[in-house]
Amino acid sequence: MSTNLARTQDATAREVRQRLEQERQTRASQLAVLEQAAGRAPQGWAEESDHTRMDNLRQSLAEIDAALQRLRDGTYGGCEGCGKAIPEGRLEILPYVRFCVKCQARAGRPGR
Ligand SMILES: [Zn+2]
């Protein structure tokens with residue numbers, strides 16, 4: 001576990017940070033567009049689905065910020081459930097994921 005985490009920190013921390021920041025930017029701009037549209041709509045007229053999307057984007061942004069914080073703390077890549085290293089393949093698909101597959105399933109939440 002520790003070797004895997006150390007390798008992640010040394011070799012790919014910069015790459016991961018770049019990816020996270022990119023994802024962050026994409027979502028932040030999507031959110032800004034939706035918020036603008038919702039702001040133009042009369043009170044209560046924004047689509048329900050838009051609110052759901054905005055909530056999802058805000059949630060993702062919070063997760064990305066948390067992942068960036070873990071990167072700074074040096075705890076990135078570890079599962080918050082069992083403390084084991086999250087497989088690199090999983091981190092590649094979901095760079096801000098907090099749980100390994102098992103713990104995610106136990107938490108009963110989707111991966112995104
Ligand atoms: Zn786990």
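Cys100 is buried, with a relative accessible area of 12%. In this predicted model, Cys100 is one of the residues that coordinate a zinc ion, through its SG atom.

**The zinc site**

- The zinc ion is held by the SG atoms of Cys79, Cys82, Cys100 and Cys103, at 2.3 Å.
- The angles among the 4 donor atoms run from 102 to 114 degrees, and the site is tetrahedral.
- For comparison, the ideal angle for four tetrahedral donors is 109.5 degrees.
- Along the chain, the donors follow the spacing C-x2-C-x17-C-x2-C.
- Cys82 sits in the loop between α2 (48-73) and α3 (88-93), while Cys100 sits in the loop between α3 and α4 (101-107), so this pair ties together parts of the chain that are 18 residues apart in sequence.
- Cys82 is partly exposed, with a relative accessible area of 39%, whereas Cys100 is buried, at 12%.

**Annotated regions**

- An unreviewed UniProt entry gives the annotation "zinc finger region: dksA C4-type" to residues 79-103.
- Residues 74-106 are 36% helix and 0% strand, with end C-alpha atoms 25 Å apart.

**Arg90**

- Arg90 is located in helix α3, which spans residues 88-93.
- Arg90 is buried and has no salt bridge.
- The nearest side chain of opposite charge to Arg90 is that of Glu63, 9.0 Å away; a salt bridge would require a side-chain nitrogen of Arg within 4 Å of a carboxyl oxygen of Asp or Glu.
- The side chain of Arg90 does make a polar contact with the side chain of Gln104, at 3.0 Å.

**Ala37**

- Ala37 is located in helix α1, which covers residues 2-40.
- Ala37 is partly exposed, with a relative accessible area of 33%.
- Ala37 and Asp50 are separated by 13 residues in sequence, and their C-alpha atoms are 9.2 Å apart in space.

Terms used:
Residues numbered from 1 in each chain as written. Predicted model: local features only at pLDDT ≥ 70, side-chain atom pairs only at ≥ 80, totals over all residues. Heavy atoms only, no water. UniProt positions renumbered as here; feature names shortened; annotations may be inferred. Donors = N, O, S within 2.8 Å, 3.2 Å for Na, K, Ca; no water. Tetrahedral: all angles 85-135°; square planar, octahedral: opposite > 155°, others 65-115°. Helix = DSSP H or I, 4+ residues; strand = E, 2+ residues; numbered from the N terminus. Buried < 20%, exposed > 50% of the residue type's maximum accessible area, 1.4 Å probe, protein only. Lys, Arg positive; Asp, Glu negative; His and termini not counted. Polar contact = N/O pair within 3.5 Å; in protein donor to acceptor, adjacent residues only side chain to side chain.
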